[in-house]
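Visitor: I am new to this structure and would like to learn how to read a few of its features. Could you take me through them slowly?

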Amino acid sequence: MSADDDHWMFYFDPNRCIGCHACSVSCKQRHNRDADADDWRTVSHVSSGEYPDFREVPISMSCMHCHDAPCEQVCPPDAIIKREEDGIVTVDRDRCIGCHYCAWACPFGAPTYDEEGLMSKCNLCLGEGPGGGHGQPERQTPEEGGAVPACVDDCVGGAIKAGPKSEIMQEVSEEAAERFEQGAYEGRVIVEPLKEDGEMADSIRNGDELNIVDMAR
Amino acid sequence: MSTTISVLSAALAAAGNSEVIWHPADYWDLSIPVYLFLAVVAGGAYLTGASACLIRSLRGKGACCLETEIARWGFLVAIAAAAGAGLAVLSHLAVIYRAILFPIYLTNFDSWITIGTWILVLLSLFAVVCLLLQLFGEHAASDEGASLFPRTIVAWVSPVLLETIDGLVDRVRPPMSVFAGLHLLGSLFALGTIYTGFELAIVDTVPLWNDPVIIPALFLTSGVAAGIGATLALTMLFEREIGPVFAGYALTVSLLSAVSLALLYYGWILLAASDAPAAAASYATLTDGWYYVGAWLVVLGFVAPMIIGLVIGLATFADRLSPTLERVGGPALIGSFGLLLVGGLLFRILLLLAAAQNPLVVIG
Amino acid sequence: MHPSCNGEVNSITECGRGQREYRGCQPMSSDSSLELSRRRLLQTGAAVTAAAAIGGCLSSGEEPDPATTPTGDEEYAYGNCWMCHHACGQELTVREGTAVDITGVDEHPRGSAGPDTPGTLCPKGQAELEKLYDPDRITEPHIRKDGELEAVDWDEAIEYTAQRLHEFDDEHGAEKMLDATSWSTTNFHGFFWGNLYGTPERIGRGRHVCFGGPHLSGDLMGLGSNMRFVDYQHSEYIIAWGRNIFESFAGQWEPKGVLEALDNGATLVVVDPQHTPTAQKADYWLPIEPRTDGALALAMGHVILEEGLYDQTFVEEETYGFEAYEEAVADKTPEWAEDITGIDADVIREVAIGFAEAAPAAGIALWTGVGQYGEAQKASQNVFALNGLVGNIDRPGGFRMWQAPPLANPFQVRDIDLPNNAEGATPALRTYDEYETYPFRHTTGIGHTVVPEMVDNGHLMGMFCHYDNPLTDGSTQAWLEALETMDLVITIDAYWNELTRNADVVFPEAIQLEKDTLINYAPTWSAYHDRRWISGSKAVHEPLGEARPGFEILVDLAEEMGWGEFVPWETEAEYNEDMLANIDYTFEEVAEQNFVLLEEFGYEQWKENGFPTATGKFQFDLDQEEGYVQSAMELGIETGPQWLPPGTWGEEPDDEYPLHFYDTRSVFFSFGADQPLAQLHEQYARKHNLENEEYRGNYLVLNPRDAEPRGIETGDMITVESPAGSGELMAYVSERTRPGFTTAEFGFGTGNSHEEGMNTMLVHDDQHDPVSSQPDRHLAVEVSATGGDN
């Protein structure tokens with residue numbers, strides 16, 4: 001199962017991600033969110049091995065606007081909407097009860113909760129601020145006059161892309177497209193295979209021998 | 001805390017590396033396991049009340065009997081537990097009024113929270129109606145028993161009010177067939193509290209929960225057992241003599257505990273055998289430190305009522321209740337039910353605290 | 001021209017050394033201007049009509065799209081990022097006079113990968129938006145009255161400062177005033193302090209505190225002092241030598257260019273004792289024993305010669321001193337280097353051959369990593385020699401010699417008969433016997449670590465700091481004392497810190513976004529390998545509070561000093577206009593587009609121009625460079641490439657102080673001025689997964705093998721101690737760093753604007769590279785748990 005052709009998707013190329021967090025800051029500023037609020041787009045740094053056999057991979061993630069939107073399915077007040085017109089998953093904060101059920105359902109840990117206890121997350125810069133995407137007209141591409149998503153706009157390495165699936169698919173490598181068609185990441189996001197640390201990517205996916213000293217508190 | 005980190009960490013923690021510190025996902029606080037538990041306890045208590053009414057009519061007894069006491073305590077516990085569950089879940093929500101206006105706001109009937117809200121609310125309504133019918137009216141007015149304490153409260157407020165309610169209840173008291181239908185429907189909602197299990201079981205991202213059979217079944221058996229146990233324990237505080245009715249319920253609790261234990265064991269085996277990273281993380285958590293102690297307490301909470309209920313139940317039916325057993329039987333049963341309550345709650349708390357999300361890490 | 005700009009990279013005229021004939025300028029080529037993104041067309045198209053908008057400096061966009069601009073009227077403005085001062089283009093969205101969003105400018109020379117590529121902003125560049133409205137900024141002028149700093153109005157502040165400057169001149173003499181301007185957006189200070197006030201004392205950044213060794217080596221060998229950059233896009237083999245290009249870059253064009261090269265199949269080699277984001281993407285990570293770069297370079301040269309892979313024609317025709325080089329590397333086998341560097345001899349051989357075979361499309365990017373230790377000048381000389389050996393200089397994909405636009409001297413443009421009041425004055429370092437023990441006096445006019453001594457000796461009695469904080473640059477404790485001793489300290493800054501609090505005059509400066517800025521700090525290296533360019537922007541709006549552009553502050557001060565006839569400019573924009581006298585664009589036109597591309601320049605410019613050295617050739621041996629020869633004689637070192645082991649001048653760890661301690665730059669901070677911004681220190685904490693701690697200072701990165709015996713865990717507060725002093729910061733235990741090698745982020749703690757954390761230079765005494773004067777930031781320390789989590 002996969003997204004409709006005109007539904008927006010994210011694309012991530014870990015080979016081009018330099019782990020700089022520009023996406024996180026850009027997102028925060030575009031949506032006028034406090035520095036200490038949970039990030040809608042996070043950058044994590046996963047490492048393994050002992051010096052000098054040390055490896056590290058940066059991972060930038062946000063809401064992926066899943067074609068099957070597990071969060072939408074569990075949201076009791078229908079506050080989460082998977083939009084038919086562009087596939088963007090928005091939140092109606094006037095309906096949200098703050099039950100956090102969506103956070104459990106989300107495979108990417110995307111929902112965040114502010115001081116009010118209401119859910120907010122990436123809206124692909126359809127609108128601005130928490131809940132800003134709700135009720136907006138159909139997402140337009142930058143060519144049509146729509147905003148470039150903040151994270152894409154300031155990705156120093158050009159590692160993040162977003163757009164209608166049909167457009168994004170034209171920009172990805174054959175390998176990534178093939179993997180996507182085969183159901184990688186359950187068709188929710190298109191990801192380039194990691195070149196230099198392919199083995200590490202496999203082991204992270206499989207949960208094999210890994211050392212995450214860096215993650216330790 | 002960054003949720004992504006927790007997702008990742010859970011995955012990496014699965015490697016079992018001793019240097020790994022696992023970060024539990026913390027979307028829910030402890031009010032949720034309390035809610036999940038009390039909802040089923042309410043169901044179990046309702047079932048106890050309704051079944052007591054059924055037994056009473058099967059045995060052709062009048063209003064003034066042990067069954068009536070059990071029924072009243074059962075409905076009382078059901079209402080209290082449902083109220084407790086409701087308060088617990090509301091305390092966790094951000095916008096409470098939207099939850100209270102659930103018929104307007106909770107529109108997604110694919111969500112187990114919506115379904116569950118209706119089940120819990122309707123169960124509460126049935127319990128209230130059943131309790132009123134048992135608590136007020138001519139029969140109740142002439143009855144005696146600790147479970148009648150709400151009458152005393154009403155009388156204290158206003159003796160006239162009590163009379164009015166008694167009269168009202170007698171006037172609307174339905175015929176036997178409707179009564180049966182009422183209990184049957186209420187019992188369906190009581191069994192419907194199995195939804196609490198589905199609420200967790202459908203969460204794909206948490207392997208610890210994501211079993212559509214074991215988790216709901218366990219939630220039902222353990223919760224219903226606790227509901228029966230709580231009702232029985234209250235009744236026995238005032239009615240110490242162990243008769244066949246008590247024995248029957250004790251055996252039921254014993255059986256439900258045994259089934260729970262079996263399900264728990266089966267679930268544990270599955271968890272241990274799972275190669276999903278987050279499952280391994282959960283397993284690692286549950287076998288470490290205080291979590292491990294807690295896990296054994298859960299087991300004890302099932303084992304104790306299973307054995308004690310079995311022994312006392314069988315002894316009663318075989319009419320071989322020794323004086324000693326008769327003397328310690330009541331307290332032992334009450335104690336084991338207490339453990340059952342603790343274990344049932346702890347079970348859900350551990351399920352929450354040991355939950356690790358299966359990551360979908362975008363790593364290339 | 002300022003008489004003593006030695007080592008100064010801030011001044012435009014300095015860039016002229018590698019720059020020869022100017023052949024007139026051309027407008028931007030039609031194809032690239034046609035391919036401007038929609039976003040830029042929007043702004044430039046509507047610019048004129050909107051000129052009357054807020055402050056006359058904004059251009060308005062099209063009718064806003066309801067789906068994207070929820071709050072209605074939107075205007076755009078430009079900036080040139082001054083957070084790390086490498087001027088990436090910034091585009092701001094302004095609503096009702098307030099900037100609400102910031103992003104990069106497409107195709108910008110510094111902030112994009114070149115033609116048809118999007119411009120972005122790194123976290124620093126984005127956080128300038130936060131700085132624009134940061135309530136913690138200094139927004140009023142302050143002067144010291146009765147020992148206390150007091151807020152006053154501008155008139156009083158200027159009057160007071162002028163009076164103090166006159167008194168200073170009378171009492172001490174103008175030559176005892178030090179111009180310590182760093183990141184001013186204007187070069188006006190040089191004329192002010194040199195020509196008008198008349199002091200020969202000038203301390204800059206590149207030579208003096210940033211990468212003195214390579215700065216000097218590059219300068220003398222013929223690469224120029226901006227010897228950091230490769231023609232990345234065309235390179236097939238890039239060696240990031242002690243450089244972390246993906247985290248610490250001089251404009252985003254660098255990481256973007258390297259990524260492009262990698263996409264094209266280039267090989268990336270990273271030489272670094274610590275695993276970095278750059279190492280993550282590398283084909284080879286050489287986890288080198290600290291400070292042994294010189295040995296690795298010589299061994300690579302040995303292999304290249306042995307394999308006959310060097311560029312014989314280039315060496316014969318374009319270089320000087322090759323014999324000295326051959327001699328220096330003759331016995332430097334990879335096996336010899338393996339013992340010293342810890343790098344496998346086979347790997348050394350492989351990298352040397354790979355580099356030489358890819359040459360000339362092979363380049364070395366080197367900056368502070370081989371710039372901030374005691375033996376760095378010689379080490380960098382050894383590394384740079386490889387460029388001459390393989391002949392990659394100013395050839396596609398190799399070391400690139402970028403050209404600056406022909407900016408004019410505004411005083412000449414206006415026919416101002418500017419005096420040189422510093423004429424005849426020599427810097428104290430070269431005047432007094434006390435400094436004869438400093439060999440670097442032959443190669444530069446001052447040294448950062450010697451300043452406190454000069455203050456003690458009464459040879460320097462005042463200082464002007466403009467966006468400069470010497471307290472972060474070394475010898476911090478001695479500098480703190482020197483501040484007390486100095487008679488007059490004038491600062492232009494945005495934040496309170498130990499420097500501003502100890503000053504006699506504090507002028508609050510507008511930040512770059514609040515100024516009409518023409519980028520005149522080395523507008524050279526960029527994503528356009530063959531084009532000159534210039535970038536500028538107008539103020540987004542009025543400065544915060546009473547803050548003013550530094551240029552205006554100096555002009556007002558000049559007038560008050562009685563030099564009104566020499567400073568006819570009212571505003572920085574007018575001065576900028578004069579700087580563009582030789583260029584066919586007005587400042588207004590540049591600012592409207594944010595940047596313009598100027599005429600092309602080709603590769604192999606040395607064919608026509610030769611090299612800017614004593615011999616006119618690339619110099620392996622510096623025996624023709626007079627100052628260097630004297631320094632070398634005093635130090636007893638060779639003038640040619642030579643292996644100087646660590647400890648020759650720098651510190652080696654010992655039993656008492658067994659750990660290496662070095663400071664690093666993360667992508668979130670540049671100098672000391674970004675650290676106060678919440679978005680940055682928050683993400684920095686998140687990157688270390690320490691966001692749940694209240695602490696928002698820097699972290700000491702240390703290997704578990706060093707942490708465990710000391711009972712240190714990530715999140716513990718620890719004390720770093722050297723013979724010079726100690727500091728406290730939070731531990732971050734990681735396998736990314738070499739056992740025995742600890743690092744901390746620069747720009748935190750005492751003396752900095754963000755006072756949480758540790759100023760790494762608190763444990764620095766006066767260690768320096770005696771050839772270049774560069775403070776040696778590579779120290780020996782011991783680390784211990786302070787006790788308790790923070």
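Guide: Let us begin with a single residue, keeping in mind that this is a predicted model. Asn689(C) has a relative accessibility of 6%, and because buried means under 20%, it counts as buried.

Visitor: Where in chain C is Asn689(C) placed, and what is its phi?

Guide: Asn689(C) belongs to the loop that runs between helix H26 (678-687) and strand E21 (699-702) of chain C, and its phi is near 60 degrees, a positive value in a residue other than glycine. In chain A, Leu124(A) likewise has a positive phi, near 55 degrees, and it is buried, with a relative accessible area of 1%.

Visitor: How should I read a pair of aromatic rings, and why is the pair of Phe314(C) and Trp606(C) called edge-to-face?

Guide: Rings pair if their centres lie within 6.5 Å, and planes over 60 degrees apart count as edge-to-face. The structure holds 60 aromatic pairs over all chains. In the one you name, the ring centres of Phe314(C) and Trp606(C) are 5.1 Å apart and the planes stand at 80 degrees, so the pair is edge-to-face. This pair links distant parts of the chain, with Phe314(C) in helix H11 and Trp606(C) in helix H24, 292 residues apart, and both residues are buried.

Visitor: Which residue has its charged end over the ring of Phe746(C)?

Guide: That is Arg665(C), whose charged end sits 4.2 Å from the ring centre of Phe746(C). Phe746(C) also belongs to an aromatic cluster, whose members include Trp183(C) and Tyr232(C).

Conventions: Residues are numbered from 1 along each chain as its sequence is written. Chains are lettered from A and ligands numbered from 1 in the order in which they are written. This is a predicted model: local features need pLDDT of at least 70, side-chain atom pairs count only at pLDDT 80 or more; totals for chains, interfaces and linings use all residues. Side-chain values use heavy atoms; hydrogens and water are left out. Rings of Phe, Tyr and Trp (its six-membered ring) pair if their centres lie within 6.5 Å; planes under 30 degrees apart count as stacked, over 60 as edge-to-face and the rest as tilted. Helices (H or I, at least four residues) and strands (E, at least two) are DSSP runs, numbered from the N terminus. Buried means under 20% relative accessible area, exposed over 50%, partly exposed in between (1.4 Å probe, protein chains only). A charge sits over a ring if NZ of Lys or CZ of Arg is within 6 Å of the ring centre and within 35 degrees of the ring normal.
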